[in-house]
Structures are given as C-alpha cells and as structure tokens.
Number of protein chains: 2
Amino acid sequence: MKKLINDPERVVDEALEGMALAHGDLVEVHLSPHYVVRAGGPPAGKVGIVSGGGSGHEPLHGGFVGHGMLTAAVPGAVFTSPTPDPIQAATVAANGGAGVLHIVKNYTGDVLNFETAAELAAAEGIEVRSVVVDDDVAVKDSLYTAGRRGVGGTVLLEKIVGAAAERGDDLEACEALARRVVSRVGSMGMALTSCTVPHAGRPTFDLGENEMEIGIGIHGEPGRERLPVEPADQVASRLLDPVVEDLDLGSGSRVIVMTNGMGGTPLIELYILHRAVERMLADRGVRVERRLVGNYITSLEMQGASVTVLTVEDDLVELWDAPVCTPGLRWGM
Amino acid sequence: MKKLINDPERVVDEALEGMALAHGDLVEVHLSPHYVVRAGGPPAGKVGIVSGGGSGHEPLHGGFVGHGMLTAAVPGAVFTSPTPDPIQAATVAANGGAGVLHIVKNYTGDVLNFETAAELAAAEGIEVRSVVVDDDVAVKDSLYTAGRRGVGGTVLLEKIVGAAAERGDDLEACEALARRVVSRVGSMGMALTSCTVPHAGRPTFDLGENEMEIGIGIHGEPGRERLPVEPADQVASRLLDPVVEDLDLGSGSRVIVMTNGMGGTPLIELYILHRAVERMLADRGVRVERRLVGNYITSLEMQGASVTVLTVEDDLVELWDAPVCTPGLRWGM
C-alpha cells in the first residue's frame with residue numbers, strides 16, 4: 001500500500017486537521033465528535049442542510065460546507081457510515097431555527113444512522129426532514145445497499161438545495177426541491193483500478209492488467225460487468241446510455257452534467273471523457289445547460305470516472321448559478 | 001497502460017476540445033495552432049500574461065487562463081515544449097496593446113521556443129518580456145534542464161502577476177514583480193508511482209513496491225534519492241526542509257504555501273500532508289498567510305505531491321487575494 005498517510009487509524013482525524021488548516025476561513029472542524037460546520041455557524045432563520053457518510057470521497061461532503069451549499073457535514077471512518085452521535089451534533093450545529101434537512105446517500109448504515117440522529121435531534125426540538133439519494137442506475141441491491149446506491153447526484157443536490165436554503169426557502173420547500181432533484185438525477189461510474197482502504201492495506205478488488213469495471217460503486221462495490229479496457233468514447237457511451245434511458249432524455253431535454261473523477265484520474269483524461277459525453281448528448285438533441293468536470297465524489301485513489309445527469313428547468317439552473325463558497329466548489333463570490 | 005483516452009496521438013486535441021465544452025464561458029480554445037485565450041480576448045490597455053509548456057500538468061497552464069491570471073496559455077504535446085508558432089499566436093492573441101509577459105518554466109526546449117516566439121512577436125511590433133521560473137530546489141541540471149527546474153512556483157507566480165496585470169500594472173512593473181516572486185519561491189516534489197506518457201505506453205520510470213522518489217521532476221525526471229516509503233509527516237519534512245533552507249525561512253517569515261498533488265493522489269492524503277507542512281512551518285515560527293491544497297501542477301496520473309513556499313509581504317498577499325476566475329482557480333467572483 002503506497003499512501004501519503006501516517007497511521008491508517010488516524011487518516012480521517014489528520015485529514016480533518018489538515019482541512020481545518022487549509023480552509024479555516026470557510027469551515028470549522030470538530031474532532032470529537034467529527035463534524036464540519038460552516039464558519040460562523042448557521043445563518044439565523046435559514047434551513048440547515050446536513051449531509052455525511054463514510055470518508056474517502058473527498059471533497060464530498062466536508063468540502064461542500066459553506067455559503068450556498070451544506071451547513072454541516074459528518075465524516076465517518078473511511079467507507080464507513082458515521083454513527084448517530086456526530087450526525088446529531090452536526091444537526092444541532094446546523095440548526096439556525098428553521099429546521100434541518102438531512103441529505104443521505106442510500107447505504108443501509110447511513111440511512112439507519114441518519115434516522116436515529118433525526119429522532120435524537122427531534123427530541124431536542126429541532127424539526128428534521130430527510131431525503132435519500134439513490135441515483136446510481138448501475139445496479140439495485142448492491143453491497144451495503146437495498147435499492148440503488150447514492151453517488152454523484154448528491155453533489156448536484158447539495159449545490160441546488162444549499163442555494164435554496166441560502167435564499168431563505170423554508171424546510172418544506174427545501175425538502176420538496178430535494179425530492180424533485182432526486183427524482184430526476186442519474187449516475188453511473190467505472191473503474192480502471194481498485195482503491196485501497198487504509199486500514200485494510202490491500203486493494204478492495206482485483207482488476208486484470210487490461211480490465212475495467214463498468215457500474216462500479218464508490219466503495220468498489222461490484223458493477224454491471226467487467227470488460228477489456230475500451231477507448232474513452234466507448235466508456236462514455238457505456239456510462240451515459242443507461243442514464244439517458246433511466247431519465248428518458250430526448251430531444252429538447254435540458255440537463256446539468258457532471259463528469260467526475262474517482263480520485264486517481266487526471267484532469268486531462270476527464271476532459272477527454274467529458275468531450276464524448278457532451279457530443280453524445282448533443283447528438284440526441286439534449287441541451288447541456290451547465291457542467292462540472294473534476295474530482296467531486298471520489299473513491300480514494302481509484303482510477304476511473306462517473307457521469308451524472310440532472311434534468312433541469314430554469315429554476316434549477318438559477319439555483320445552480322447562485323453563489324457558492326466552499327472548499328470544493330466556489331463561484332460568484 | 002490504463003487510461004481514459006481514445007488515440008494516444010489525439011490526447012491533447014481531445015482534452016482541449018473537452019475543456020472548451022466544459023469552460024466555454026471562461027476561455028476560448030484554438031486547435032490550430034494550439035492555444036487557450038481568455039474569453040472575450042485581452043482587456044484593452046492591460047499587459048497580457050502568457051505561459052505554456054508540455055501538456056500533462058493540468059490544470060496548469062490552460063486551466064489558469066481567465067480574469068486575474070493568464071491571458072493565454074500554450075499547451076505542447078504531452079511533456080513536450082510547444083513550438084514557437086503557437087507561442088507567437090498566443091502572444092498576439094494576448095496583446096491588449098500594453099505588451100506581453102512570458103512566464104516560462106525552466107526547461108531547455110521551453111526557454112528556446114519562448115525566446116524565438118518573443119522575437120517573432122517583437123517583429124510584429126509587440127513588446128515582450130520574459131521571466132524564467134526555476135523554483136525546484138531538488139536538483140540542478142536535470143534531464144531537459146540546465147539549472148533548476150520550473151515547477152509549482154509557476155502557479156503562484158501566474159496568480160500574482162495575473163492580478164497585477166488585471167489591476168493595470170504596466171509591463172515593466174509586471175516583469176519586476178515576476179522576478180521578485182521567482183527570487184523568493186522554492187518547491188520540491190516526490191512520487192509514490194510513475195506516470196505513463198500516452199504515446200510511450202509504459203511507465204516513465206520504475207519504482208519498487210515499497211519505494212518513493214524524493215525530488216522527482218514533473219516529467220518523472222530523477223530526483224535526489226530513492227527511499228523506502230515513509231509516513232506522510234517524514235515525507236513532508238523531506239520536501240519542506242530543503243525549501244526552508246533555500247529560502248532561508250525563520251521566525252517571522254511570512255509565506256504562501258501550496259501543497260500540490262501530482263494527479264493521482266487523492267485529496268484526503270493531500271490534507272494529511274498539508275497538516276504536517278503547516279505544523280512544521282509553525283514550529284519554525286513561520287507565518288502561513290495563505291495556502292492552496294489540491295491538484296494544480298500535475299504529472300498525468302502520478303501518485304505523489306509537492307510543496308511550494310513563497311515568501312511574501314502585504315502587497316503580494318493583496319495580489320493573491322484579488323479576484324480570480326479561471327477553470328482551475330476561482331475566488332472573489
């Protein structure tokens with residue numbers, strides 16, 4: 001295992017300490033229990049948006065805390081759901097008096113622990129609503145998941161609902177918006193190489209010298225099929241086609257697209273993949289309103305990529321364009 | 001070779017096409033000859049800032065074109081200097097009537113070709129000044145280089161001089177500022193794995209299962225020594241100590257620090273390395289005024305990192321904080 005780490009058991013703590021040093025102007029990092037909250041705390045009278053999950057997907061979620069996106073985030077151990085305690089603490093810290101929305105990726109542990117935390121927070125008088133993201137069209141009922149997995153759609157959801165909360169939408173409106181986004185977002189990913197969980201010390205799965213896995217999960221969960229490595233254009237088609245079908249996209253559809261790297265894939269390759277994605281959407285008459293290309297939801301050092309597509313109308317584009325100021329996503333301020 | 005590419009010979013063209021699709025609001029991409037220029041062209045009456053070099057280091061340089069940073073950038077083939085023609089074309093495209101400053105990383109081919117292009121542009125009546133960056137403290141007279149190599153310091157230089165040009169500093173002032181930055185910036189890098197140049201198809205160098213290379217160049221040029229992999233804190237010390245010595249930093253020094261990934265290293269590891277860097281600087285009484293943590297000057301999919309330190313006073317911090325709006329670096333707008 002070759003990693004820039006010290007102690008495998010201290011990876012999350014030390015990364016959070018590094019993040020606090022790097023981005024102390026934007027976020028406050030708490031280590032006991034672990035959570036990241038917007039610097040200065042939640043804006044009074046606005047809905048708090050809280051997400052979280054296992055670490056190893058950076059910048060998701062802690063890197064999306066700040067103005068116009070998440071109010072707080074809860075990092076678990078690497079690829080491990082956070083327990084209810086830190087989720088509850090983050091929920092309390094994110095409460096500006098207008099309630100808190102939980103954004104939960106659909107993994108069994110996350111769903112259960114966010115539920116428990118919501119009950120604990122409710123007992124303290126905080127109104128909590130919860131939305132589960134299940135955008136991965138690759139497989140149903142995967143390792144760790146009943147139903148579809150939550151992946152890249154979470155990034156787009158956090159941006160859009162964060163913008164709504166920032167402009168003052170109430171809890172009910174934020175929840176309805178989140179459900180609307182979840183109902184129209186789809187993703188699919190692939191891997192050229194495995195990742196290695198630090199405390200495991202060996203690759204999560206084995207891929208042959210010339211193999212790739214299509215439909216991979218962000219924890220290395222099995223996908224749809226294992227194939228010989230293909231040119232980027234064919235890979236793009238294998239990722240995009242099932243998403244297009246799932247969302248029933250066609251001529252006149254309007255979308256936001258994310259071409260996302262898994263952590264070990266360089267930008268030069270992501271641009272090549274993104275080129276193919278945009279061309280294929282254009283060929284189908286789909287209009288790409290906005291796009292994001294880079295490493296936003298990763299799987300440690302995995303080489304690979306995913307494509308996420310969200311169907312939008314004007315109001316969602318407007319929320320997308322609203323200013324955002326977080327360590328991982330920043331524009332308009 | 002596992003890469004998300006189509007034809008190894010088309011990597012730069014297709015990545016540029018993808019970049020054009022991803023960032024058409026910020027940059028204009030030209031394919032014949034290859035250069036990237038700020039959308040809307042150079043601001044009239046302001047100094048144009050042009051850089052360039054081999055591709056494979058993204059987001060450097062094309063990703064730093066836009067408001068407050070580069071006016072234009074010239075991407076060569078992967079790890080290959082651009083020829084004088086596209087540099088000349090970019091220089092013409094970046095000329096807003098107040099002259100053009102070339103920022104050149106110290107590689108023999110880059111230096112020669114930028115020189116020739118500057119002469120060609122001068123023959124067209126454009127005043128061109130040139131500054132060579134040689135911040136890599138690891139080795140002198142490396143593969144491709146006489147003297148020290150130009151690496152991460154280039155990112156900080158482009159930001160700071162770009163801000164000066166944006167506020168209207170004249171060519172002489174921009175050149176003097178650039179020389180000041182070059183004289184007080186130092187970097188050192190390391191690799192856990194090699195990169196693979198697409199048209200070569202095999203790793204540039206071999207590292208054993210448990211080996212790392214300290215002082216690596218951004219094209220995989222040999223560094224100072226090959227050692228067994230160490231914990232991140234020791235790696236940080238191996239990178240930072242020579243830079244601190246080179247810059248003669250001590251109690252009361254004020255710096256901007258970049259902890260940079262080589263392309264294949266995930267953010268969670270960069271934060272752990274950055275934590276060590278900040279702690280070591282604090283132990284020496286050095287005050288870190290600003291920092292940047294992420295993948296800014298890469299070596300394709302290489303796993304590894306580099307540390308860059310720039311000594312600053314208030315005026316440089318002010319230029320650092322000035323708004324920047326490029327694909328790869330963005331704040332304040």
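Trainee: In which sense do strand β2 (residues 34-38) and strand β4 (residues 72-78) of chain A pair?
Mentor: Start with the terms: helices (H or I, at least four residues) and strands (E, at least two) are DSSP runs numbered from the N terminus, and two strands pair if DSSP finds at least two bridges between them. In this predicted model, β2(A) and β4(A) share two bridges. The sense of the pairing is antiparallel.

Trainee: What pLDDT do local features need in this predicted model?
Mentor: Residues are numbered from 1 along each chain as its sequence is written, while chains are lettered from A and ligands numbered from 1 in the order in which they are written. Side-chain values use heavy atoms, leaving out hydrogens and water; totals for chains, interfaces and linings use all residues, side-chain atom pairs count only at pLDDT 80 or more, and local features need a pLDDT of at least 70.

Trainee: Which are the edge strands of the open sheet in chain A?
Mentor: Six strands form this sheet, with mixed pairing. Their order is β1-β2-β4-β3-β5-β6. An edge strand pairs on one side only, and here those strands are β1 (27-31) and β6 (128-133) of chain A.

Trainee: What angle does the direction of α5(A) make with that of β6(A)?
Mentor: Axes are lines fitted to C-alpha atoms, for helices over the stretch in contact, and angles run from 0 to 180 degrees between N-to-C directions. Contact means heavy atoms within 4.5 Å. Helix α5(A) packs on the sheet and touches β5 (100-105) and β6 of chain A. The angle with β6(A) is about 10°.

Trainee: How do α5(A) and α8(A) lie to each other?
Mentor: The axes of α5 (residues 171-183) and α8 (residues 314-321) of chain A come within 12 Å. They cross at roughly 105°. Angles under 35 degrees count as roughly parallel, over 145 as roughly antiparallel, 65 to 115 as roughly perpendicular and the rest as oblique. So the two helices are roughly perpendicular.

Trainee: How many residues of β10(A) are buried?
Mentor: Buried means under 20% relative accessible area, exposed over 50%, and partly exposed in between (1.4 Å probe, protein chains only). Strand β10 (residues 254-261) of chain A has eight residues and is mostly covered. The buried count is seven.

Trainee: Which residue is the bridge partner of V257(A) in β11(A)?
Mentor: Strand β11 (residues 287-294) of chain A pairs with β10(A) in the parallel sense. Seven bridges join the two. In β11(A), V257(A) is partnered by R291(A).

Trainee: Is P231(A) buried, exposed or partly exposed?
Mentor: P231(A) sits in the loop between β9 (225-228) and α6 (232-247) of chain A. Neighbours within four places in sequence aside, P231(A) contacts I5(B) and N6(B). Its relative accessibility is 33%, so the class is partly exposed.

Trainee: Is G152(B) buried or exposed?
Mentor: G152(B) lies in the loop between β6 and α4 (153-167) of chain B. Neighbours within four places in sequence aside, its contacts are D135(B), S187(B), M258(B), I297(B) and T308(B). Relative accessibility is 2%, so G152(B) counts as buried.

Trainee: What is phi of F79(A) near?
Mentor: Most residues other than glycine have a negative phi. F79(A) has a positive value. The residue is buried at 16% relative accessible area, in the loop between β4 and α2 (84-94) of chain A. Its phi is near 55°.

Trainee: What is omega near for the peptide bond from E58(A) to P59(A)?
Mentor: Most peptide bonds are trans. The bond from E58(A) to P59(A) is cis. P59(A) is in the loop between β3 (48-55) and β4 of chain A. Omega is near 10°.

Trainee: Which residue of chain B comes closest to the rotation axis?
Mentor: Copies are superposed by least squares on the C-alpha atoms of residues with pLDDT of at least 70 in both. A rotation of 180° with 0.0 Å of shift along its axis brings chain B onto chain A, at RMSD 0.0 Å. That is the relation of a two-fold axis. At 2.0 Å (C-alpha), the residue of chain B closest to the axis is G264(B).
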